[in-house]
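Dear colleague,

Please find below the structure that I am handing over to you, followed by a short account of what was found in it. I would be grateful if you could read the account with the structure open.

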Amino acid sequence: MTIMGENDIREMYSKRLERAEIKKMPSESTIKKHASNILNLSKQFYSIGEDEKEDWLLKSDIDTLFDNIRSLPGKNGNPIGLSSQQSYLFSTLVGIRTIDFDNFHKNNLFISINKLLKEEKGLTQQLYEHKRSKSDELPDYEKIQELVNTHLADNKTYAHKRLNLILRIYLLYPFRLEVADLIYIKGKKEYKKLDKTKNYLVKDSKGFFFSFNDYKTSDTYKERVVRIENTLLRARLTSFIKENEIGSGELLWSDLSRNTMTKQVTKFFNDRDIKKVTPTTLTKLLIKNAYEKMPSELKEVQAELARQRGHSIDTQLQIYLYEN
């Protein structure tokens, strides 16, 4: 057996779907991330050759694995953070299930990882507390707005105009990274023909609206329809679609992955001396800014933000502000 790849993981999830263990397949980016994490661990710590099996997934002990994960190099030569540690542990669970589909639950490493993640003072709780402690590190919301508005008056190229639209969307709506996946749909008639499995920007007689169907909590919240009320954003979208001759059914942004979009947003602010700003940071700022301004009698504002993002108010206020 060669080193585990995306197809092996995809096949494992397909089996789980057939057994009704899961309601839908994970995203391609999730599958790719698991495969990359497993390959990284295999090559770095266990000297797995191209034609060898990942025996470490079945035979390793939790202490050795976790020590190895924590010693992986992170940004700027520092060890990787808690979120990345958690990601590698989750990928290891996926790898064990892929190799030993029926007996994975008997595997000692599988059992130990679950315990490490779920115990009272385990990694998940540590990560949550760490995120809460970082909540005061958010940049100034008005400064962020000023930079984006300045960029509005100074964008000429396709790349600049695309980035400006993305920034504008994140300053108005508490969306996840599904903005990168948007498909343009022209007309209500075409919209009604869709099977509603992807994420869309729909143009109708009233302007534009977002239709999100492929996101983290879609099983619970189903389709999220969010009408664009902002006049400037509507005008910019209209011009962008016309200038780039984007047809109905085509991707709104060409050659843009979620990862690339995040990097471009971070670079934009980094070049302006504001570090570590991502689309998720902009969402945190929007939610926090709305919450701080909200009188007690206007709690429905938070309810609408939660609906647009696709999670509960409790998740939004108690957890999401501290999410990486």
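Ala 20 is located in the loop between helix H1 (6–18) and helix H2 (28–45); helices (H or I, at least four residues) and strands (E, at least two) are DSSP runs, numbered from the N terminus. The model is predicted, and local features need pLDDT of at least 70, side-chain atom pairs count only at pLDDT 80 or more, and totals for chains, interfaces and linings use all residues. Residues are numbered from 1 along each chain as its sequence is written, and side-chain values use heavy atoms, with hydrogens and water left out.

Although Ala 20 is not a glycine, its phi is positive, at about 65°. Ala 20 is exposed, with a relative accessible area of 64%; buried means under 20% relative accessible area, exposed over 50%, and partly exposed in between (1.4 Å probe, protein chains only). Lys 196, also a residue other than glycine, has a positive phi near 55°. Lys 196 belongs to the loop between helix H10 (188–193) and strand E2 (200–204) and is partly exposed, with a relative accessible area of 25%.

Helix H5 (residues 82–99) has 18 residues and should span 26 Å at 1.5 Å a residue, which agrees with the 26 Å between its end C-alpha atoms. The expected span is 1.5 Å times one less than the number of residues. Of the 18 residues of H5, 15 are buried, so the helix is largely enclosed by the rest of the structure.

Turning to the rings, those of Phe, Tyr and Trp (its six-membered ring) pair if their centres lie within 6.5 Å; planes under 30 degrees apart count as stacked, over 60 as edge-to-face and the rest as tilted. By this rule there are 10 aromatic pairs. Tyr 173 and Phe 210 form an edge-to-face pair, because their ring centres are 5.7 Å apart and their planes are at 75°. Tyr 173 lies in the loop between helix H9 (158–172) and strand E1 (183–186), and Phe 210 in strand E3 (residues 207–212), so this pair ties together parts that are 37 residues apart in sequence. Both Tyr 173 and Phe 210 are buried. Phe 210 also forms a stacked pair with Phe 212, at 5.6 Å centre to centre and 15° between the planes. Ring pairs link Tyr 173, Phe 175, Phe 210 and Phe 212 into a cluster.
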